Every structure is written in structure tokens, then in C-alpha cells.
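Dear colleague,

Please find below the sequence and structure that I am handing over to you. My notes on the structure come after it.

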Amino acid sequence: MLLGVLLAVLVLYGLLLFWVLNERLREMHHLLQSLSKKVERIEGKLRGLPSTYEEEGKEWSVAEERFPVYTLESEVLKRKGEEE
């Protein structure tokens, strides 16, 4: 009798832990989806910037996932100048 009650309690505790873990995984999944959408929007904005530049005799493009910070800074400075 006591063994049956102990087994039932352990099974219920296991189900509770499974449910909590499942809820946490759902939250993480939704968080990762929202972050991936934000990254895609940022990549879309980066594609709108000048796509090629020359540095040390090499020509790179945004598609190669290399982008100079000074280009972003110059864009920000241009926009600040236009706003004022």
C-alpha cells in the first residue's frame, strides 16, 4: 500500500517536472523566434546600405558578411546633418 502511494507521488512529481520543463522550452522557443525576426530586420536594413567598399586593395560586399563600422558612422552623421 505504502509502495503504491510512493509510486503514485513519484509519477505525479515527474509529470509536474515534465510540464514545467515543457513550458520553459516554449518560452525559449518564442524568445528565439522574436530574436530571429529582429535579426532579419537588421540584416534587411544593412542590405540597404552601400553594398561594396574598397579596403587595402580588396573589394568586399555585404553578402560576405563583412561591413566596416566607419560606413555606418558616416551614414549616422549624414542623417544627423539632414535632421538639423
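The paragraphs below set out what was found, beginning with the overall arrangement and confidence.

Please keep in mind that this is a predicted model. The protein chain averages a pLDDT of 79, and 69% of its residues score at least 70.

As to architecture, the protein chain contains two helices and two strands. Read from the N terminus, these elements follow the order α-β-β-α. Helix α1 covers residues 2–47. Of the 84 residues in the protein chain, 8% are buried. The chain exposes about 8,000 Å², and 63% of that area is supplied by carbon and sulfur atoms.

Salt bridge

Side chains of opposite charge can pair when their charged atoms come close. The structure holds one salt bridge, in which the side chains of R26 and E23 meet at 3.5 Å, N to O. That distance qualifies because the cut-off for a salt bridge is 4 Å. With a relative accessibility of 46%, R26 is partly exposed. E23 is likewise partly exposed, its relative accessible area being 28%.

Positive patch

Which residues gather in a patch of positive charge on the surface? They are K37, K38, R41, K45 and R79. Helix α1 provides the largest share of this patch, namely four residues. K45 is located in helix α1, and its relative accessibility of 66% places it among the exposed residues, since the exposed class begins over 50%.

Nonpolar patch

The surface also carries a nonpolar patch of about 520 Å², formed by Y13, L16, L17, W19 and V20. One of these residues, W19, sits in helix α1. Is W19 buried or exposed? W19 has a relative accessible area of 52% and is therefore exposed, the cut-off for that class being over 50%.

With kind regards

Definitions and conventions
Residues numbered from 1 in each chain as written. Predicted model: local features only at pLDDT ≥ 70, side-chain atom pairs only at ≥ 80, totals over all residues. Heavy atoms only, no water. Buried < 20%, exposed > 50% of the residue type's maximum accessible area, 1.4 Å probe, protein only. Areas by Shrake-Rupley, 256 points an atom, 1.4 Å probe, with all protein chains shown as cover. Patch = residues over 30% accessible without salt bridge, like charges linked within 9 Å, V, L, I, M, F, W, Y side chains within 5 Å. Lys, Arg positive; Asp, Glu negative; His and termini not counted. Charge placed at Lys NZ, Arg CZ, Asp CG, Glu CD. pLDDT = per-residue confidence, 0-100.
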